[in-house]
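Subject: Structure for your review

Dear colleague,

Please find below the structure that I am handing over to you, together with its sequence. My notes on what was found in it follow directly after.

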Amino acid sequence: MKQFFNLIFAMSVVIALSSCHGVRPEADEEAVLIKKPWFFGHGGVEMEPATTGLTWCFWSTSSETFKITPIRYEETLDDIISNENTPLDFKTQIILRIQKGKSPVLLQNYGINWYENNIKEIYNNLTRHYVSQYSPFDLTSNREVVAHIDSCVKNDIIKYIAKLSADKEFPVVVENVITGRAIPNEAQLKEMNNTAAQIQAKQTQERRYETEVAREQAERQRAVSDKAYQREMGLTAEQFINLKAWDVIASKPSANIDVLFDGGASNTMWNIRR
């Protein structure tokens, strides 16, 4: 009889051990236990998440694992229409974080596919809405415009989550929104490059014109100054020209210069080497 009871006890231990399994979340994770009793007791989501370490539970209990560190969700949006009716593509990102200890609440209220069912479509629609208010040039080149779109989308998503939480708690924090710059197709890119080249050419011409005007004004002022100097010193035009020749020589210290004075009336040629 004693052997019989020992056998029954051993079988009970084996059954108990074989009916359990372990849940071991990583340091940046929480595991939510979902109880499904076979014969008695109450099922449902266990509201205390399993954290780092090993948690044993019955085979009838399943689990879902959630990251509690920020998660980056990337979306590719094709053919968003700008305010000039130009279709543009975008690669956008929204970074979300589940509040620590609240993963059971999120699972119970919104399920394992909480992002796809509650955030994704709203986020994409908000991005399309704000992008459509700007020109292709701003969307590809103006960082302030892109940063403004990011801010607007982020604020609206935060308000949307607050509205969800007013009905059923949605324990998710919006860390950041990154819209990124527009990606034009090949034809649009060529046209934008042509426009940019025309703008640059116009700016170059304007700078060249300003330089020529400034040079002309400087030359006129130099002539006025030379005339005033000649008059003040009582020099004839020929004497003043000879004087300017020495100025040229002084400004070329390493040059080999031949100087012919008297306007060619003299055969005397001076060679000045320094």
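This is a predicted model: local features need pLDDT of at least 70, side-chain atom pairs count only at pLDDT 80 or more; totals for chains, interfaces and linings use all residues.

Together the strands form an open sheet of three, in the order S3-S2-S5, with antiparallel pairing. The edges are taken by S3 (44-45) and S5 (62-67); each has a single partner strand, so one side of each is left without a neighbour in the sheet. Helix H2 packs on this sheet and touches S2, S3 and S5, its direction making about 50 degrees with that of S2.

How much of S2 and of H2 is buried? In S2, six of the seven residues are buried, so this strand is largely enclosed by the rest of the structure. For H2 the count is seven of eight, so the helix is likewise largely enclosed by the rest of the structure. The buried residues of H2 are Ser-103, Pro-104, Val-105, Leu-106, Leu-107, Asn-109 and Tyr-110. Just after the helix comes Gly-111, which takes a positive phi of about 80 degrees.

Six bridges join the antiparallel strands S7 and S8, and Arg-97 has Val-173 in S8 as its bridge partner.

Asp-79 has a positive phi of about 55 degrees although it is not a glycine, and its place is in strand S6. Asn-85, also a residue other than glycine, has a positive phi near 60 degrees. Asn-85 is found in the loop between S6 and S7. Is Asn-85 buried or exposed? Its relative accessibility is 64%, and exposed means over 50%, so Asn-85 counts as exposed.

The helix pair H4 and H6

Two packed helices are described by the angle between their axes and the distance between the axes. For H4 and H6, the axes come within 10 Å and cross at roughly 145 degrees. The crossing of these two helices is right-handed. On the H4 side the contact is made by Ile-122, Tyr-123, Leu-126, Thr-127, Tyr-130 and Val-131, and on the H6 side by Ile-149, Cys-152, Val-153, Asp-156, Ile-157 and Tyr-160.

The nonpolar core

Which residues touch the most other members of the largest nonpolar core? In this core of 35 residues, they are Ile-94, Leu-96, Trp-114, Leu-139 and Phe-170. At least two core residues come from each of several elements, including S2 (29-35), S6 (71-81), S7 (87-98), H2 (103-110), H4 (120-131) and S8 (172-178). The largest share, seven residues, comes from H6. Leaving aside residues up to four places away in sequence, Leu-96 touches Thr-69, Pro-70, Ile-71, Tyr-73, Trp-114, Tyr-115, Ile-119, Val-172, Val-173 and Val-174.

The chain as a whole

The chain has eight helices and ten strands. Of its 274 residues, 29% are buried. Among contacts with a separation of 6 or more, 65% are between residues 24 or more positions apart. The accessible surface of the chain comes to about 18600 Å², and carbon and sulfur atoms account for 54% of this surface.

Yours sincerely

Conventions. Residues are numbered from 1 along each chain as its sequence is written. Side-chain values use heavy atoms; hydrogens and water are left out. Helices (H or I, at least four residues) and strands (E, at least two) are DSSP runs, numbered from the N terminus. Buried means under 20% relative accessible area, exposed over 50%, partly exposed in between (1.4 Å probe, protein chains only). Contact means heavy atoms within 4.5 Å. Accessible areas come from the Shrake-Rupley method with a 1.4 Å probe; for residues, only the protein chains shown count as cover. A nonpolar core is a set of buried Ala, Val, Leu, Ile, Met, Phe, Trp, Tyr and Cys residues joined through side-chain atoms within 4.5 Å. Two strands pair if DSSP finds at least two bridges between them. Axes are lines fitted to C-alpha atoms, for helices over the stretch in contact, and angles run from 0 to 180 degrees between N-to-C directions. A crossing is left-handed if the near helix is turned anticlockwise from the far one by less than a right angle, and right-handed if clockwise.
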